[in-house]
Structures are given as structure tokens and as C-alpha cells.
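Biologist: Please put the model up, and then I will ask about its domains and one of its helices.

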Amino acid sequence: MKAAVFYGKEDIRVETIADITPKAGEVLIQIKACGVCGTDMHIYDGAEGAAKTTPPTILGHEFSGIVQAVGDGVHRVKAGDRVCVDPNDMCGECWYCKQGAGHFCENMIGIGTTINGGFAEFCVVREKQVYTIPDALSFEEAAMAEPIACCLHGMDLTGIRPGETVLIVGGGTIGLIMLQLVKLSGAAMVILAEPIAAKREKAMMLGADIVLDPATENLEDVMAKHSIYAINAAIECVGNVSTMRYAIDHTGKGGTAMLFGLTAPEARMDILPFDLFKNEITVKASFINPYTQTRAIALLGRHKIDVKSLITDIVPLDDINDIFAKKRYQGHGKIIVKP
Ligand SMILES: [Zn+2]
Ligand SMILES: [Zn+2]
């Protein structure tokens, strides 16, 4: 089969490797669509994502496809089923798993990070990671279930209540998913800060109440103009220290700043504890997608979230280095690789 193998920093090669077959309890999936995540770019550039990758590995953890074959003992899915995958395989036996916090699993297997993933024609995964998808869902849309599941965990931790005012920092794929989830959660006012005009336009189309360019517009002025007194929650979706400061600094008294974006592991930031104290600001972070995959698929299947307009490019597997090495799609939206 054909696969894009990651050999180490800045080295991905498309090659023909040995065909794979499912063992007992495993499912062989013919991959139809695999999204490119910020994590994949971080790993390619030599940094660490949510899990540590030991090359050679096939990256890609946001994928969907058709079940090609199943191993002994697999009963929940069969050949021909349309499926997507939760890439984070928790052991269910360690201290964290026993506490219902499986995302902190000490034996976590990451499909597309610690073991081979979806930038290939086929992938083998354990049955429990496989979710069937509704017929109404395209493979490209279903590949978005994992990032939506991650955003849902962030939303759960942020705890937005109907009627609240929410600031989203960054209008990339994650920011635009968060925007839609925040709308669904009943927020009365959603403000999105994003320097790129095309992304601001997309945010307006997807239901933002106010968009602004943080490089040229002052958020306090914009709020005053719209008679907004304070922000209940700010969700940072970029992963830079400066945008995280922006989110914290603009969170109103008693509010929550959710630092959702992934920074470099060594990034540090200044926080003024006195400001947190006098404003009772809660600063939170969110790690991967524990127990949220089913809800993500339900939202997609009922078309409660528009992901079609987030996908800007579909790239053949053969041309994967246009994405990674040549960075040809930088600044675009979601990129989907198709074997
Ligand atoms: Zn991802
Ligand atoms: Zn565990």
C-alpha cells in the first residue's frame, strides 16, 4: 500500500510499504479522507504535539473511510461500513482511566502520533476506536469529527451559559468550529478577533455577531460601540503567548479564559496574579477529546455544524509535501488529504 511515512524533522516520504491485515479485535480501514492538524505540522517541524512521535511513523489522526476487513472477535462493524476513528486509544486500566479521566491515560496509544495513522491508503485500528457515520455525512466531513470532539471538550470545560457574551480569539479552523459550538450553547453575543479579512468574513457567515481586526481595532472601543459591558468567556484558538494574553486580558470579572491553542512546549507567559485575584478570572486549558467523539458525530450527522465551508483544500496523498515541505497552503483553512 501507499503511505506518507514521517522519518523525522522535515522528512516525510510517500512510499510503497507492506500491506497490512487486521489481527484479532482490529479493523482494517480503507482511508477516504484525512485532515491535516496543527499537531501534524508541529511534529513535522520537530516539535511535540499532544503525544510523542517516534519515527518512522505514518502521521494523520483525523480520518474516515470504509471498513475493508475485520479481525477475529470484531462484531460491531463489518466490511463496507462507513466509519471514522477516535485516534486516542486509552487503556482503561491505569489510575487516570479508572478515574474517568482517560485522556490522561498513562498507556495512551495515539493513532497517527505514536502508531501509524491516516496519511496512507489503509490503517489498522482497534475496534473500540471505530465509529460508524451516517450516510448523510461525506468522508471529508466525517474526518472533522476528531477536531470537533476536541473542541467539545474545551467547550465543556469553559461552561458557557445561554445568554452570555463570548470572545473567540483566532478565526482558523478551530476558532470557526468553536464559534459554531458557542452559538449552539446559547451565547447571546459572540465576538471573534482575527487579523485576516477572509477569515473574519467566514466568521460572519458562520454566525459571529461582531468581528474585529485586533491589529487595527481596539476591543474595548468595539465593545463600547455595541454596549457590551463585559466578556463572560474568552476562548483562545491560536496557540501564541500574545493571543493568550489577549484572551486573559479581555476576560471580564468572574469569567473564564480558555487557552485552547497549542503553544510550543517551551513557551512561557507572564500572568499578573493580582489581576486574576481582583477579577476572579479562571484560566483553563483543554487536552484532546475524552468521551466526546459520539457527540461530535451526532452534531455532524444532523448538520448542526458547517464544516464544508472550513475545508479549503483537498490534496492527493502523492502531493502531501506541498503541504508539509512547501507550506503551499499556509494561511488556508482545513486541508484534507485523500489517498
Ligand atoms: Zn488534530
Ligand atoms: Zn489508562
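Modeller: A residue counts as buried if 20 or more other C-beta atoms lie within 10 Å of its own, with C-beta atoms placed from the backbone. The model shown here is predicted.

Biologist: Which residues of α5 are buried?

Modeller: Helix α5 is mostly covered, with ten of its twelve residues buried. By the cut-off of 20 or more C-beta atoms within 10 Å, the buried residues are Thr173, Ile174, Gly175, Leu176, Ile177, Met178, Leu179, Gln180, Leu181 and Val182.

Biologist: What covers the buried residues of α5?

Modeller: Both helices and strands take part. The cover includes the helices α4 (145–158) and α6 (197–205), and the strands β11 (165–169), β12 (189–193), β14 (233–236) and β18 (334–338).

Biologist: Which residue just after α5 takes a positive phi?

Modeller: The phi there is about 95°. The residue is Gly186.

Biologist: Which helix gives the most to the side of domain 1 that touches domain 2?

Modeller: The assignment gives domain 1 as 2–144 + 307–338 and domain 2 as 151–285, and their C-alpha centres lie 29 Å apart. The contact takes ten residues from domain 1 and seven from domain 2. On the domain 1 side, the largest contribution is three residues, from helix α1 (residues 38–44).

Methods. Residues numbered from 1 in each chain as written. Chains lettered and ligands numbered in written order. Predicted model: local features only at pLDDT ≥ 70, side-chain atom pairs only at ≥ 80, totals over all residues. Domains from an automatic or database assignment. Contact = placed C-beta atoms within 7 Å. Helix = DSSP H or I, 4+ residues; strand = E, 2+ residues; numbered from the N terminus.
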